[in-house]
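Here is a short report on one chain. Have the sequence and the 3D view open while you read.

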Amino acid sequence: QVQLVESGGGSVQAGGSLRLSCATSVGKYTSYSMAWFRRAPGKKREGVAGIDTVDDTIYYADSVTGRFTISQDDARNTVTLSLQMNSLKPEDTAMYYCAARFGRVVSPLDPNEYTYWGQGTQVTVSS
């Protein structure tokens with residue numbers, strides 16, 4: 001069973017920045033795909049950014065391209081996934097989740113592709 005624990009959420013004003021982290025139990029020598037998703041109240045879960053570690057391909061939703069950066073740190077034996085969020089907007093307000101699966105995915109920002117999910121961390125951006 002893979003464990004994913006998000007942290008780093010909070011409240012910021014528009015234009016501010018936050019950095020989310022997802023501590024995982026995924027071994028760094030494992031073939032895996034990981035991504036960040038978000039769900040705003042009354043809206044569907046939305047893929048924000050994903051990474052396919054087989055070829056290090058990164059994917060972003062159009063709404064966050066140029067503002068958000070996904071990265072992974074495997075300096076330890078397990079992987080930590082991060083999401084640097086800059087120039088935050090009120091519409092970025094949502095619960096943010098990290099997700100993972102072993103192997104590759106066909107659609108990196110499709111939540112149905114992922115097997116394991118964290119509990120989420122809240123991001124609130126005020127205008």
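## Ground rules

A residue counts as buried under 20% relative accessible area, as exposed over 50%, and as partly exposed in between. The model is predicted.

## The aromatic cluster

Trp117 has 24% relative accessibility, so Trp117 is partly exposed. Phe37 has a relative accessible area of 0%, so Phe37 is buried. Tyr114 is buried too. Phe37, Tyr114 and Trp117 make up one aromatic cluster.

The whole structure holds 3 aromatic pairs. One of them joins Phe37 and Tyr114. Their centres are 5.5 Å apart, with 70° between the planes, and the pair is edge-to-face. Phe37 sits in strand E4, while Tyr114 sits in the loop between E9 and strand E10 (116-117), so this pair ties together parts 77 residues apart in sequence. Phe37 also pairs with Trp117: the ring centres are 5.0 Å apart and the planes lie at 50°, so this pair is tilted. Here the link runs from strand E4 to strand E10, across 80 residues.

## The disulfide

How many disulfides does a search of the whole structure find? It finds 1. The bond joins Cys22 to Cys98, with an S to S distance of 1.9 Å. The link is right-handed, with 45° about the S-S bond. Both cysteines are buried.

## The nonpolar cores

In soluble globular proteins, nonpolar side chains tend to be buried together. The largest nonpolar core here has 30 residues. Which residues have the most contacts inside it? They are Trp36, Leu83, Met85 and Tyr96. Strands E3, E4 (32-39), E5 (46-52), E7 (68-73), E8 (78-85), E9 and E11 (121-126) each give two or more residues to this core. A second, separate core has 5 residues, among them Ala35, Phe37, Ala99 and Val105.

Leaving out residues up to four places away in sequence, its contacts include Glu6, Leu20, Phe37, Arg38, Val48 and Phe68. Leu83, Met85, Gly120, Thr121 and Val123 are also touched by Tyr96.

## Two buried polar residues

Thr24 lies in strand E3 (residues 18-27). Its relative accessibility is 9%, so Thr24 counts as buried. A polar atom of the Thr24 side chain lies 2.7 Å from the backbone oxygen of Val79. Neighbours within four places in sequence aside, Thr24 is in contact with Gln3, Leu4, Met34, Thr78 and Val79.

Ser82 is in strand E8. Is Ser82 buried or exposed? At 6% relative accessibility, Ser82 counts as buried. Not counting residues up to four places away in sequence, Ser82 touches Arg19, Leu20, Ser21, Trp36, Thr69, Ile70 and Ser71. Asp92 is 10 residues from Ser82 along the chain, and their C-alpha atoms are separated by 16 Å.

Key
Residues numbered from 1 in each chain as written. Heavy atoms only, no water. Helix = DSSP H or I, 4+ residues; strand = E, 2+ residues; numbered from the N terminus. Buried < 20%, exposed > 50% of the residue type's maximum accessible area, 1.4 Å probe, protein only. Polar contact = N/O pair within 3.5 Å; in protein donor to acceptor, adjacent residues only side chain to side chain. Contact = heavy atoms within 4.5 Å. Disulfide = S-S within 2.5 Å. Core = buried A, V, L, I, M, F, W, Y, C linked by side-chain atoms within 4.5 Å. Phe/Tyr/Trp six-rings, centres within 6.5 Å; stacked < 30°, edge-to-face > 60°.
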